[in-house]
Amino acid sequence: MKSRRVAVIGFGAIAGELVESLLAASEPEYRVAVWLRKGSASRDRVPSGVAVVESAAELAAFTPDLVVEAAGHGAVREQVPDALVLGLPVLVSSIGALHDDALKERLVEAAKSHGGRLLLASGALGALDYVRAVRPARELELTYESRKPPAAWAKELEALGHDPQAIAAPVTLFEGTARQAAADYPQNLNVAAALALAGPGFEATRVSVVCDPEAKGNTHVVRVRSEFGTMQMTIANRPSPTNPKSSWIVGRSLLAAIDQHFSPVVML
Ligand SMILES: NC(=O)c1ccc[n+]([C@@H]2O[C@H](COP(=O)([O-])OP(=O)(O)OC[C@H]3O[C@@H](n4cnc5c(N)ncnc54)[C@H](O)[C@@H]3O)[C@@H](O)[C@H]2O)c1
């Protein structure tokens, strides 16, 4: 069976877990490249057998079947447009970057003009199929609450004058629109952006962000109400062993999305 060629942008917690899973897969095998910034300290950690590319030209020479972004909002601005201009499908995990309408338009235009495809990962969340289905509802209300332990919010708590070690009661860090949430918390609120894009948009999707010392993992609560009915979903994700801001499941979710991309049978 022909091997699948996948280029992963970044080599942090999620990308590292994903690359490890791709290398372990067989039938079919994956040929993997990582796209790093020039001089990246991650280069020394890249396993042997994985190609390193540092430019769009080097990416093109690798001839990927699929590009996967797992690096952050900066990569969506810097590398994803180049990959789309090469006519490649690009699976984006840092969806929060699309709160910027101008960037979103640029990416869509690049995909349309060059035959690329912008694929948005569901990442740490589920049930986006339901949210997409109720999107046309006349009376759609969607709220999202993120509840994570203090370890996920150390820098943010310090900026507000809190000692992360001494948090004894829940602290609400943010209440507002998904657009503001995605802009203020680029590493944490990709899920809010996914809900906004699947559902009622960045202004109508209401978000609250709570730091909770009692939180059992990275907890996402989604509530949807419309003339079609109601939906409530709670997901309690274990944090990634290497980055407490990210959920461990995200690497697996990207792996499942990659498998769907190549599969003759697709679950939508
Ligand atoms: N959709 C979701 O549910 C979801 C969940 C968690 C994280 N994410 C996204 O995934 C990103 C990565 O998460 P992580 O836990 O692996 O973070 P991480 O900090 O462990 O790793 C990010 C890595 O990417 C590298 N990087 C940054 N910009 C880059 C660029 N332009 N090109 C190449 N490499 C670059 C960094 O040097 C770092 O090594 C997050 O920033 C977030 O946007 C999405």
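Select Ser246 together with the ligand, and you will find an oxygen atom of the ligand 2.6 Å from an N or O atom in the side chain of this serine, which falls under the term polar contact (a pair of N or O atoms within 3.5 Å; within protein, one must be able to donate a hydrogen and the other to accept it, and residues adjacent in sequence count only if both atoms are side-chain atoms). What you are viewing is a predicted model, in which local features need pLDDT of at least 70 and side-chain atom pairs count only at pLDDT 80 or more, while totals for chains, interfaces and linings use all residues. Residues are numbered from 1 along each chain as its sequence is written, and side-chain values use heavy atoms, with hydrogens and water left out.

Now colour the two domains, which an automatic or database assignment bounds: domain 1 covers 4-123 + 249-262, and domain 2 covers 128-237. Their centres, taken over C-alpha atoms, are 25 Å apart.

Where they meet, 12 residues of domain 1 are in contact with 11 residues of domain 2, contact meaning heavy atoms within 4.5 Å. Select His73, Ile95 and His99, which supply 48% of the area that domain 1 buries against domain 2, buried area being the accessible area (1.4 Å probe) that two parts lose on being put together, summed over both.

Finally, select Arg179 and Asp101, which form a salt bridge with their closest N and O atoms 3.3 Å apart (a side-chain nitrogen of Lys or Arg within 4 Å of a carboxyl oxygen of Asp or Glu).
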